[in-house]
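Work through the exercises below with the structure in view. Try each task before reading its solution.

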Amino acid sequence: MRSSLRSWLRAFPLIGDSVLAVSLTVASTVFILITDAEMIAEWDGFAPVPIREPNTGSLLLAGVMTMSVVLRRRWPFVLLLAVAVPQFALDMLRFNAGLASLAAAILLYTVAAYRGLALSVVGAVYTLLGYLLTVALTDDRFGWADHVVVVAVVTLCWVLGRSVRLRRAYLDELVDRADRLERAREADTRAARAEERSRIARELHDVVAHHVSVMTVQAAAARKMLDKDLQVAEDALLAIEQMGRTAMAEMRNIVGVLRTDGPAERGPQPGMHDLPSLVEQMREAGLRTQLWLEGEQLDLPPGIDLAAYRLVQEALTNSLRHAGPTARAWVTVRQEPSELTVHVEDDGRGPGFDQRQPGRGTIPERSHGPGQGKGHGLVGIKERVALYGGVLRIGPRQGGGFEVRARFPLKDRR
């Protein structure tokens, strides 16, 4: 209840200031009407002074001073300068000012709380100078204790106002910093999502392109052998079934992290240890493939392990699709202490090879070979190799065919 009232007053400050001004004016008017010179002298400890009886003019001047609190947040410094005039007139004419000095103290606090340091210092000095001028021009006997109290009250109002201003500035800085951090976090989240989408797109392309290509070749073989050799056709259909199951399992592993209705289905990512089975799949699909492993076969970093496997998978898939039915492929993997080299090559001539052209019997004439395509395959290979600081070459092979060669640095391997 209290916090809601405070929030409402902060939302409508003019209402709170109006209530404060009216209450202060009523209290000041009542104080002026019920006090006389003898009571004031008794409170001050001095002999009676000639305080004049209040009249309409003095009450209006005192009321103007207290009602100025209504606009204290809008023009605090101007009002602080202005209320000194009726205050000085009431003191010089020996009228009781009531609680008008309290209104001046509130205005000084507001200047310190809502204006800059220089303006607040000017307001405090102006208030003290007005008090000294009043003391100098009147014969009231004020003691040192009275002067100390006035200086202490002025200083206290100024210090409280500055403290509130500094605290408000600190809170505003915290809010602004929190907003900046939130915007930075959102930007990082968007970048991470984009990177994750790109990674998933690469993985899906590699899985789908490889398995679908192998299934297409097997389906074509099964169709051709359906009327000639049922056993061969049956083996091809079995290979298609197994390849489809493998593709589905890999895709579930890839997109499982996107599910929000339950725990993701996770499984180990393929790596270089799966190359023998990959080569066997390509052989079954009709691409005569050989694998050589050179050097000490140590465990690779997970990222490089997956990137190298996908590179071999994409290169062999392109060879299967574009190198021709009689092509052969070679995969060479060499591990050194500081470098991993992956070399995939084939001797396929492709569908565009023309034997009638003189001097071009060994030059490949592919229109869609690896390295010339514009799909996700080449882009994915380049991104994978570049991500780990590797060097990639894709292009024609000396002696005919195409080759894909990549070198991955292994400096951080322990």
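**Exercise 1.** In this predicted model, find how S3 and S5 are joined and which way they run.

*Solution.* Start with the bridges: 8 of them join S3 to S5, and the two strands run antiparallel. Next, pick out facing residues. Valine 342 stands opposite alanine 406 in S5, and threonine 341 stands opposite arginine 407 in S5.

**Exercise 2.** Describe how S2 and S3 are connected and paired.

*Solution.* S2 and S3 form a hairpin, with 2 residues between them. They run antiparallel and are joined by 8 bridges. As an example of a facing pair, alanine 329 is opposite aspartate 346 in S3.

**Exercise 3.** Give the strand order of the open sheet and name its edge strands.

*Solution.* The sheet has 5 strands in the order S1-S2-S3-S5-S4, and its pairing is mixed. The edge strands are S1 (288-295) and S4 (391-396), since each pairs on one side only. From one strand to the next, the twist averages 10°.

H11 lies across S1, S2, S3, S4 and S5, running at about 10° to S3.

**Exercise 4.** Which elements give two or more residues to the largest nonpolar core?

*Solution.* The core has 32 residues; Met272, Val312, Leu316, Leu340, Val342 and Phe408 have the most contacts inside it. The contributing elements are H10 (275-284), H11 (302-322), S2 (328-336), S3 (339-346), H12 (376-387) and S5 (402-409). The largest share, 9 residues, comes from H11.

Then look at one member. Beyond its neighbours within four places in sequence, methionine 272 is in contact with Leu300, Asp305, Ala308, Tyr309, Val333 and Val342. A second, separate core has 19 residues, including Leu79, Leu80, Val111 and Ala124.

**Exercise 5.** Work out how H4 and H5 are oriented to each other.

*Solution.* The axes of H4 (residues 56-67) and H5 (residues 76-92) come within 9 Å and cross at roughly 150°. Angles over 145 degrees count as roughly antiparallel. H4 and H5 are therefore roughly antiparallel to each other. H4 passes H5 in a left-handed crossing. Ser58, Leu61, Ala62 and Met65 of H4 make the contact with Val83, Pro86, Gln87 and Leu90 of H5.

Methods. Residues are numbered from 1 along each chain as its sequence is written. This is a predicted model: local features need pLDDT of at least 70, side-chain atom pairs count only at pLDDT 80 or more; totals for chains, interfaces and linings use all residues. Side-chain values use heavy atoms; hydrogens and water are left out. A nonpolar core is a set of buried Ala, Val, Leu, Ile, Met, Phe, Trp, Tyr and Cys residues joined through side-chain atoms within 4.5 Å. Buried means under 20% relative accessible area, exposed over 50%, partly exposed in between (1.4 Å probe, protein chains only). Helices (H or I, at least four residues) and strands (E, at least two) are DSSP runs, numbered from the N terminus. Contact means heavy atoms within 4.5 Å. Two strands pair if DSSP finds at least two bridges between them. Axes are lines fitted to C-alpha atoms, for helices over the stretch in contact, and angles run from 0 to 180 degrees between N-to-C directions. Angles under 35 degrees count as roughly parallel, over 145 as roughly antiparallel, 65 to 115 as roughly perpendicular and the rest as oblique. A crossing is left-handed if the near helix is turned anticlockwise from the far one by less than a right angle, and right-handed if clockwise.
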